[in-house]
Amino acid sequence: MLAMRGQVIKLSHLLRRSARGTPVLNEATRTCPLQQSNIRNMSSASKPKVYVTNYDIPKKGLDLLNKSCDVVQWQSRETITREQLIKNVKGIDALFCILTDKIDGTLLDACGPQLKAVGTMSVGYDHIDMKACKERGIPVGFTPDVLTDATAELTVALLLATSRRLMEGAGAVRSGEWGMWNPQWMCGQGLHHSTVGIFGLGRIGLAVAKRLRPFGISRLLYSGRKENPAAKEVDAEFVSFDTLLRESDFVIAGCALNSETKEIFNEDAFKKMKPTAIFVNSSRGGVVNQKALYDALKSGQIRAAGLDVTTPEPLPTDSPLLDLKNCVVLPHIGSATVEARNAMAELTARNILAALNGEQMPCQIE
Ligand code: DGY
């Protein structure tokens, strides 16, 4: 019954039971200090209703919510449709969502005026209409910091996989294309002595820069809306977007997606890059004009690209990008470590619980 597709189920029914049949929480939940200090005991009659839009949320987050809330969770492996979401959120006190859910005025109104909090299990919040939330006085929580290391690691992995042609090399082993050792076969491009340009030196951009410094890069450039004082830590120079494009051997998109950055990596931008440039994107697919990227890769205007994010997601298997040897595409796994995803779920739950208790969320979007 629990596994039936599209069915919603009360998660309080899924709690582990003690010998006497009373629900008990796991060790992690019992020892979490924030859990103990922050959550007011609510009688079952007054338990707030929290709707969770995805079936695959780490248990650590759900356990926190279950202690004091009535949690209802989407149970299908298929992403919840807009229609289902609008239907299921009626009367809830808080919404636990992910980056594939569009949160706008229509959805907030469908929840009803009793809605007190939205928590997204992501650092990016381009799927949320913040103006609509502000107009309705709904605080929105997100998950910065806890996924920074995981995402920075993946960005570096993608950069190396692309520049040193790891996927092509591994493919050649499997296909039998691997012949005797040849001096110029499968040569890529090293990081040593290179210039790296990061567009958007925020938390993740900075963490990427820190990881790249030990590779012996010569220059680290960054651009964005404004200078970041923390750039000193990695000896990064603030430059214009044009300079970053023209002078970098590696161009990394680390910016958020918003009206200013939408498709900022377009035909014009790729034209300004070096013909040997490698472009890496682990932020949002929407910052790239994908047709322009395809053309730039196909024509040799730039050397290669590594993408952890695309438009749309999932990228259709017949996307022309997937026919290119000089393009490595990963399925949006930047934050996909067990630790990071657990921490993201826990922080989302803590954000929601704080708002339900009338307190400031630990990580609230301003
Ligand atoms: C986020 O949190 O915004 C990431 O894209 C998910 O890894």
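Buried means under 20% relative accessible area, exposed means over 50%, and partly exposed lies in between (1.4 Å probe, protein chains only). The model is predicted: local features need pLDDT of at least 70, side-chain atom pairs count only at pLDDT 80 or more, and totals for chains, interfaces and linings use all residues. Residues are numbered from 1 along each chain as its sequence is written, and side-chain values use heavy atoms, with hydrogens and water left out.

**View 1. Arg219 and Glu237 form a salt bridge.** A salt bridge is a side-chain nitrogen of Lys or Arg within 4 Å of a carboxyl oxygen of Asp or Glu. Here the closest N and O atoms are 3.2 Å apart. Arg219 belongs to strand E10 and Glu237 to strand E11, so the pair ties together parts that are 18 residues apart in sequence. Strands (E, at least two residues) and helices (H or I, at least four) are DSSP runs, numbered from the N terminus. Arg219 is partly exposed, at 28% relative accessibility. Glu237 is also partly exposed, at 34%. By the salt-bridge rule, the count comes to 21.

**View 2. Lys210 meets Glu233 in a salt bridge.** The N to O distance is 2.9 Å. This pair links distant parts of the chain, 23 residues apart. Lys210 sits in helix H9 (residues 203–212). Glu233 sits in the loop between strand E10 (219–223) and strand E11 (237–238). Lys210 is partly exposed, with a relative accessible area of 42%. Glu233 is exposed, at 54%.

**View 3. A network of salt bridges links Asp109, Lys131, Glu135 and Arg136.** One of its pairs is Arg136 with Glu135. Their side chains meet at 3.8 Å, N to O. Arg136 is partly exposed, with a relative accessible area of 33%. Glu135 is exposed, at 56%.

**View 4. Val173, Trp178 and Trp185 make a nonpolar surface patch.** Its area is about 340 Å². Patches are made of residues with over 30% relative accessible area and no salt bridge; like charges are joined within 9 Å, and nonpolar side chains (Val, Leu, Ile, Met, Phe, Trp, Tyr) within 5 Å. Accessible areas come from the Shrake-Rupley method with a 1.4 Å probe, and for residues only the protein chains shown count as cover. Val173 lies in helix H8 (residues 166–175). Val173 is partly exposed, at 47% relative accessibility.
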